[in-house]
Amino acid sequence: MNPRLNRTAVLAAALVAGLSSCAGSGDPKPSGASHAAHASEKPLMPLVTGKMIEDRFAEHEQNVGSMVVNLVASPDGRFAFSTDLGHHSALWAIDTATGEGTAHVDFTNQGGAKGPKKTLGLYYGLAVTPEGGTLYAAQGRHEAIAVLQHARDGALTQLGEIAAKPGDFPSGLALDGRGILYSANNAPLGPDVAFGTPASLTLFDTKAGKTPLDAKEVGRFIFSDTIAGTSNFPLSVAALNDGSKVYVASQRDSAVYVIDASNPKAPKLRGKIASGSHPIGLLFDKAQSRLFIANGHSDTISIVNVTDDSIAATILLRPEIAADLPGATPTGLALSPDEKTLYASLGDMNAVAVIDVPTAALLGYLPAGWYPTGVVAAPDGKRLLVSNMKGASLRNPNLNGPHSKAAPKGEEKEGYILNVMSGSVTTVATPASPDQLKQQTQRVLNLNKLTPRYVKAVNPLANIGLQAGKIRHVIYIVKENRTYDQVLGDLPQGNGDKSLCIFGREVTPNQHALAERFVLFDNFYDCGEVSGDGWTWSTQGHANEYTIKNVPYGYSGHGHHFDYEGTVDDYPVGGFPAVDLEGK
């Protein structure tokens, strides 16, 4: 049974979606010469985005809950820590030598979406003390930062939490060498917080008491220079050891703010780096002389000289064949032990970019799972750990979904699509030679259909399209919140399952008539899981990083607003706006 997620397209126009094309296919299996050699090596699994991932591409796969969004290394590199924000929210410790999880702590949602204090889930930020014994994890709408103890054997113990102020939304986290913990409050909108509340950066002194739980807020920076004082959605944070510069990436403002926290009680703005659209990842080198910025919408990496905050280089991560098409989406960064190679997880290419740091050149790609969000390099440099938000294997939500006839009474929710999708951390070997990297790169391009066969193919509709004077109008009908089988599964000419049909011909005669008169599209796949990302896929051809991250967080009852459709703070959200706030 092919997965039909939550829409029925009765009549469909082609969606131009760049690298993240959601083109469906009557036969989702690979065909043609460009896939032949590759398919004979490892089985391929089609995604609903029209792309594919390799089965068993990784040395090891560790399930880490659902919708994993961040991955950071311990100071000694022996462990990686992952955090997720879906229905099954958990924090994991993973051995970088084996890729196996050593411990995890669950953060169960206790009360749905009735209030921020009822939700104990995680959001994005992770920070580890220099000695590696204490781990901090942001909890978003719970208005708190979880504090955990990490033992040398990999065990994790939750000590408690540091309370944030009402209305705060702890997201990105960073520590400096003085023990100051920086927390970016990404979306300060809650049941008791008025729209128009500006974002902020909170400074906690983790050495103010005898234990990490005694951390005290000592300072706060308000991003008051943004539009009408509203949130600029700060996310990632990176701080110099002395606190003289704290870098805060603004998802909305196409910039990284530089804050002077030399005096933690009175942080002040030093400047702003115009890095690129939607910066979401920050990483220092060991000497803290260079800052690497992942620009999620520009598909670029900015390399910044920390001395004067000038941009030394900008690296485009799109392949040459698709240099003008957005949709690589860098999400996380890691340096090799010798710091000669930079790795960037690419969410919408299901890959990891390999970059030569001395020449600031893109060398190639490594295959990853479905929507990678973070990467860590093992201390020996021989392997990478990659967090994959949607895992590395496929699911079939039709068989036991909400309202499904196959779901036992009382268990319908267990089959809910955002509930069954599991995040993972996979272990991938680094290339042993340039030739091996070249082979891996070609695999990634094949999996993404970024080859001349697809990207530069002659338009098969050229003779009947608008320029040919024949097709003048296209009607695009989208059916909300229903799978193909639930509505059209009873049509015998389609590839459907009648047992899953709930709203058949007797309930939806008009939709059945349209499908039979025009076109059925029984193998048209929806890229989105639910309404939140499905509508942006359907109307804009892409769901951006903010949407992909916040849809599972909001839909799992953690209290996030539905702010990924239309505009927020006068800024178009959900897809790629034609023009950003700077007119670019």
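In the hairpin formed by strands E17 and E18, six residues lie between the strands, and among them Gly 243 adopts a positive phi near 75°. The model described here is predicted, so that local features require pLDDT of at least 70 and side-chain atom pairs count only at pLDDT 80 or more, whereas totals for chains, interfaces and linings use all residues. Residues are numbered from 1 along each chain as its sequence is written, and side-chain values use heavy atoms, with hydrogens and water left out.

Helices (H or I, at least four residues) and strands (E, at least two) are DSSP runs numbered from the N terminus. Strand E17 runs antiparallel to strand E18 (residues 246–250), and four bridges join them; two strands are taken to pair if DSSP finds at least two bridges between them. Within this pairing, Ala 239 stands opposite Val 246 in E18. Strand E17 is mostly covered, as six of its six residues are buried. Here buried means under 20% relative accessible area, exposed over 50%, and partly exposed in between, with a 1.4 Å probe and protein chains only.

An open sheet of four strands was also identified, with the order E21-E22-E23-E24 and antiparallel pairing. From one strand to the next, the twist averages 20°, where axes are lines fitted to C-alpha atoms, for helices over the stretch in contact, and angles run from 0 to 180 degrees between N-to-C directions. Strand E23 (residues 300–305) pairs with E24 in the antiparallel sense over six bridges, and Ser 302 stands opposite Thr 314 in E24. Strands of a sheet pair through backbone hydrogen bonds, either parallel or antiparallel.

Aromatic rings were examined next. Rings of Phe, Tyr and Trp (its six-membered ring) pair if their centres lie within 6.5 Å; planes under 30 degrees apart count as stacked, over 60 as edge-to-face and the rest as tilted. The count by this rule comes to seven aromatic pairs. One of them is the edge-to-face pair of Tyr 123 and Phe 169, at 4.7 Å centre to centre and with 85° between the planes. This pair links distant parts of the chain, 46 residues apart: Tyr 123 lies in the loop between strand E8 (101–106) and strand E9 (126–128), and Phe 169 in the loop between strand E12 (156–163) and strand E13 (170–175). Tyr 123 is buried, with a relative accessible area of 0%, and Phe 169 likewise counts as buried at 0% relative accessibility. The rings of Phe 233 and Tyr 546 have their centres 5.4 Å apart and their planes at 75°, so this pair too is edge-to-face. Distant parts of the chain are again linked, with Phe 233 in the loop between strand E16 (216–222) and strand E17 (234–239) and Tyr 546 in helix H8 (residues 545–555), 313 residues apart. Both Phe 233 and Tyr 546 are buried.

Thr 441 is placed in helix H3 (residues 434–447) and is buried, with a relative accessible area of 12%. Its side chain reaches the backbone oxygen of Leu 437 at 2.8 Å, while a polar atom of the side chain of Thr 441 lies 2.9 Å from the backbone nitrogen of Tyr 365. A polar contact is a pair of N or O atoms within 3.5 Å; within protein, one must be able to donate a hydrogen and the other to accept it, and residues adjacent in sequence count only if both atoms are side-chain atoms. Not counting residues up to four places away in sequence, Thr 441 touches Leu 363, Gly 364 and Tyr 365, contact meaning heavy atoms within 4.5 Å.

Most residues other than glycine have a negative phi. Glu 339, which is not a glycine, has a positive phi of about 60°; Glu 339 lies in the loop between strand E25 (330–335) and strand E26 (341–346) and is buried, with a relative accessible area of 17%. Phe 521 has a positive phi near 55° and is located in the loop between helix H6 (509–517) and helix H7 (531–540). At 28% relative accessibility, Phe 521 counts as partly exposed.
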